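The exercises below are meant to be worked with the sequence and the model side by side. Please try each task before reading its solution.

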Amino acid sequence: MNKIKKTLFSEQTVTIDDNSLIMAIESSCDETACAIVKGGRDVIANVVASQIKIHEGYGGVIPEIAAREHLEAINIVIDETFKQAGVNGKDISAFAGTVGPGLVGCLLVGLNAAKTLALAYDKPFIGVNHLNAHLAANFIDTNLEPPFIALLVSGGHTQIINVDSYSDIGIIGETIDDAVGEAYDKVARLIGLPYPGGPKLDKLAQEGNPYAYKLPQAKVGGYDFSFSGLKTAVLRLVKSFDGKELPVKDICASFQECVSETLLKKVKAALKETGYKQVVLAGGVAANSEIRKKIFNLKNEGYDVYAPIMKYCTDNAAMVASSAFFFNNTFDNINVEVFSRA
Ligand code: KG4
Ligand code: ZN
């Protein structure tokens, strides 16, 4: 798969092929990340500086603090990436950066760093959509090619995506209220778990009875989702204990069962309708044990199933480089501006 790009100053033609190195930067939320990926699939270096410890005390990400932390970390993370890869800017074929969706102040730091590197080394610049990048995490170390159905589940998004080709990506369903990760974090908070609650809730759920409480699966048309009713149902359940000790593990397991069943049903319907034989899981919540298990069980029904390894599920820059390499609907214009919502 070759792409032809132009360098920024001298306007020379650059062919991006399987031997090309793309350096990418990701800073859309609370991870400052930089990576170098060869041919879209082979990660040469991958550096992530997480701010989770800083935001933990506030119970969520504080945008201004996050942006300042990105500024502190960005040069160190870039230097470390070059060092790990044993290359310098001249060896890079193109520089890529996340354009959005994300926190505007945060995105600005990484995007401007990526643009600056492209200008300084006179290389092409490729802007990347963060959601495409989560999908592209599935190209790393695999032979995956479109067409496929993707289930993208993160802190901000819950979508079923039809990837017909590298240039034809259509969202066929999404949440009409809370995202899955958001629902996890809110329910975790309800039962007293610290931020970010998703992974902690997942852990407790594995020790509980998933059938202890019957929680409602929202009835939404097509491939859309709704999780705000479920969150309210958990709140009501918690209140019903009236201050007595909560059966936390059973509540977690019942919530996790309800969410994962809801997601699985819609994915199955999308596979049936399109006739596609490949399904991929993407986004931070793709790290969830039960959602992974249920989607991987589709192998027994004859589907090929892909999910990134854990470190490529949560925000990282290797997936951004891979997206820049494979997907065509990128913003490869040096004047591209950051945006907060898809
Ligand atoms: O994709 P991501 O790193 O950031 C966004 O772009 O949103 O996803 C972060 C979200 C958080 O809501 C976090 O609680 C959730 O992913 N998450 C999980 C798990 N690991 C991360 N939720 C449920 N189970 C997990 N194991
Ligand atoms: Zn993300």
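**Exercise 1.** In which loop does Pro196 lie?

Solution. Pro196 lies in the loop between H5 and H6, where helices are DSSP runs (H or I) of at least four residues and strands are DSSP runs (E) of at least two, numbered from the N terminus. The peptide bond that joins Tyr195 and Pro196 is cis, with omega about -10 degrees. As a second case, take the cis peptide bond between Pro146 and Pro147, for which omega is about 10 degrees; Pro147 is found in the loop between H4 and strand E8 (148-153).

Before going on, note how the model is described. This is a predicted model, in which local features need pLDDT of at least 70 and side-chain atom pairs count only at pLDDT 80 or more, while totals for chains, interfaces and linings use all residues. Residues are numbered from 1 along each chain as its sequence is written, chains are lettered from A and ligands numbered from 1 in the order in which they are written, and side-chain values use heavy atoms, with hydrogens and water left out.

**Exercise 2.** Describe the shell around ligand 1, and explain why ligand 1 lies between two domains.

Solution. Begin with the count: 18 residues surround ligand 1, each having a heavy atom within 4 Å of it. The closest are Gly155, Asp185, Asp202, Gly284 and Asn288. Next, consider the helices: H4 (130-136), H5 (180-190) and H6 (197-205) each supply at least two residues of this shell. Finally, because domain 1 (3-141 + 314-326) and domain 2 (148-308) both give residues to the shell, ligand 1 lies between them; the domain bounds come from an automatic or database domain assignment.
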